[in-house]
Amino acid sequence: MPDPGSPARPPASLAWTVLAWCGAAAYPVVLLTMVPAYRGTLLPMLALLLPTGLLRRYPLPVLALMLAGSWLVTVTAHVWGVAYSQVLAVDVALAVTAAARPRRVSLAAAAMVVAVQVAAVGYYATGDQLYRSTVAIVALTGVAAWAIGNSARQRREHAAAIAAQATERAVTAERLHIARELHDMVAHSVGIIAIQAGMGARVIDSRPDEARLALRTIEATSRETLAGLRRTLVSLRRPAGGAGPDATGDVPPRDPAPGLADLDRLAESTADAGVQVELSRRGEQRLLPPEIELSAYRIVQEALTNVVRHAGAARCRVTVDYGERDLSVEVADDGPGHGDAVAAPGFGLAGLRERAAMLGGELSAGPCPGGGFRVFARLPTPAGVA
């Protein structure tokens with residue numbers, strides 16, 4: 001009785017399976033009937049089409065039927081051409097089995113094929129020398145057929161493993177990219193919100209105007225953070241390629257990623273948090289690739305976040321230098337802090353180094369000789385970017 005939980009097989013597929021099994025079962029009888037009446041090898045070779053329809057799904061039963069047909073021909077009709085053609089056909093079927101099935105199945109098939117073919121040699125070879133040479137040929141061809149098929153299977157599995165590893169590396173890289181984006185974006189905004197909220201709570205009774213300004217800063221920073229989070233979530237929901245609809249079927253608008261042009265706005269939000277930023281640009285300003293613009297912006301953003309949270313400085317300096325072959329970014333302050341930022345096992349400075357390394361650049365961060373803290377990054381830029 002069929003399992004009610006298993007899917008029903010279509011009638012056409014069921015009919016084909018029944019016909020294939022009937023043909024495979026009839027193969028030894030057809031071969032035994034054909035060989036005595038027709039001494040050539042063409043029709044016996046065509047008869048091999050009968051069991052091959054089930055070879056990939058049921059290799060061991062099909063090989064057993066093919067070996068049974070070969071054995072019957074061997075013991076009833078001494079036709080060398082038919083015998084060798086059957087050996088060749090069975091070896092080809094063994095190679096197909098070794099290429100498509102696991103090794104334990106193919107080894108069992110190889111042992112069965114070689115054993116039956118070697119046993120059948122005794123019906124043809126009469127002398128010791130002829131017997132030994134024929135056994136060697138039959139055994140070597142069987143082993144060679146298995147080795148060829150097994151090698152094809154190993155190459156296919158190796159290619160599949162390489163593809164799976166490449167996919168896993170791509171997924172891991174994308175996860176790290178998303179983690180860096182979220183950390184750099186949220187850490188800066190939450191730090192400013194926390195400072196503004198604390199200041200507003202202290203002066204809400206005595207200086208309501210300053211408290212109102214702090215609340216406006218919190219609102220603006222929150223909206224900016226929400227927009228960044230939405231941009232990140234949209235990129236996650238959009239399929240590969242980046243231009244199609246998301247999971248809901250809509251095509252949401254894609255906000256541009258922040259870049260060096262947004263540093264002035266970043267300096268203003270940092271000033272609202274109590275740290276004045278002196279922003280200077282050197283060299284010939286030009287449009288850079290989006291990944292370089294975004295990485296440079298995130299480096300400055302994370303460095304300013306550390307200044308606000310750890311430096312205890314009232315001012316800091318941000319310098320952007322457009323070189324001919326690279327872009328240099330420096331954030332320096334003269335505050336007494338940053339000890340916690342260097343010693344804590346956080347993701348900020350490590351994420352900055354990863355960003356720079358992914359673009360072939362470098363980043364250094366550490367105390368300045370005269371006091372304060374300095375973050376310096378150099379990112380190579382492609383030649384010819386307008």
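Predicted model: local features only at pLDDT ≥ 70, side-chain atom pairs only at ≥ 80, totals over all residues.
**Ground rules.** I number residues from 1 along each chain as its sequence is written. Local features need pLDDT of at least 70, side-chain atom pairs count only at pLDDT 80 or more, totals for chains, interfaces and linings use all residues, and side-chain values use heavy atoms, without hydrogens or water.

**Glu293.** I looked up Glu293 and found it in helix H10, residues 290-311 (helices are DSSP runs of H or I, at least four residues; strands are runs of E, at least two). Glu293 is buried (under 20% relative accessible area, 1.4 Å probe, protein chains only). I found no salt bridge for Glu293 (a side-chain nitrogen of Lys or Arg within 4 Å of a carboxyl oxygen of Asp or Glu). Arg281, the nearest side chain of opposite charge, is 8.3 Å away. A polar atom of the Glu293 side chain lies 3.4 Å from the backbone nitrogen of Leu288.

**Cores.** I then turned to the largest nonpolar core, which has 35 residues (buried Ala, Val, Leu, Ile, Met, Phe, Trp, Tyr and Cys joined through side-chain atoms within 4.5 Å). Leu327 is among the members that touch the most others. Helix H9 (263-272) and strand S3 (326-333) are among the elements that each supply at least two residues. H10 gives the largest share, ten residues. I also noted a second, separate core of 15 residues, including Val62 and Ala109.

**Asp272.** I placed Asp272 in helix H9.

Technical notes:
Buried < 20%, exposed > 50% of the residue type's maximum accessible area, 1.4 Å probe, protein only. Lys, Arg positive; Asp, Glu negative; His and termini not counted. Polar contact = N/O pair within 3.5 Å; in protein donor to acceptor, adjacent residues only side chain to side chain.
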